Amino acid sequence: MKNIFLITALICLVYITGIGVVIGAGECGRKSPDQEAFKLAPCAMAAQDEDAPVSDRCCSVIKQIGQNPSCLCAVMLSKTAQSTGAKPEVSITIPKRCNIADRPVGYKCGSYTLP
């Protein structure tokens, strides 16, 4: 009976550890791009209309996420972002519209290139 308990505990430990590794290996670390996309709520209008003003709060979030270009790209192309009406071709213009000097210019984001 002890052996069954130990084997079950060991399998659970390996399973849990394996999940942590997979989650930690994503574009945005431990969080999925869809989870990170919720941070872009202040950018909703700016992600739908290239002529819409970009708020300071939006720029702050974009600058933070943009420190990891692959995460920013994944967030902008995520199902969550698209379900809010965000257009990838407009979303990728936000870092430039925020005048972020150290933005990832030329970074390939799916079929888009960050300006």
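Trainee: Which pattern does the protein chain follow when read along the sequence?

Mentor: This is a predicted model, in which local features need pLDDT of at least 70 and side-chain atom pairs count only at pLDDT 80 or more, while totals for chains, interfaces and linings use all residues. Residues are numbered from 1 along each chain as its sequence is written, and side-chain values use heavy atoms, with hydrogens and water left out. Helices (H or I, at least four residues) and strands (E, at least two) are DSSP runs numbered from the N terminus, and the protein chain has seven helices and two strands. Read along the sequence, the pattern is α-α-α-α-α-α-α-β-β.

Trainee: What percentage of the residues in the protein chain is buried?

Mentor: Buried means under 20% relative accessible area, exposed over 50%, and partly exposed in between, with a 1.4 Å probe and protein chains only. Of the 115 residues in the protein chain, the buried ones make up 33%.

Trainee: Ser 91 is found in helix α6; which residues is Ser 91 in contact with, leaving aside its neighbours within four places in sequence?

Mentor: Helix α6 spans residues 88-91, and Ser 91 counts as buried because its relative accessibility is 5%. Contact here means heavy atoms within 4.5 Å. With neighbours within four places in sequence set aside, the contacts of Ser 91 are Ala 47, Met 76 and Ala 86.

Trainee: Is Pro 104 buried or exposed, and which residues is Pro 104 in contact with beyond its neighbours within four places in sequence?

Mentor: Pro 104 lies in the loop between α7 and β1, and at 13% relative accessibility Pro 104 counts as buried. The C-alpha atoms of Pro 104 and Pro 115, 11 residues apart along the chain, are separated by 8.2 Å. Apart from neighbours within four places in sequence, Pro 104 is in contact with Pro 69 and Leu 114.
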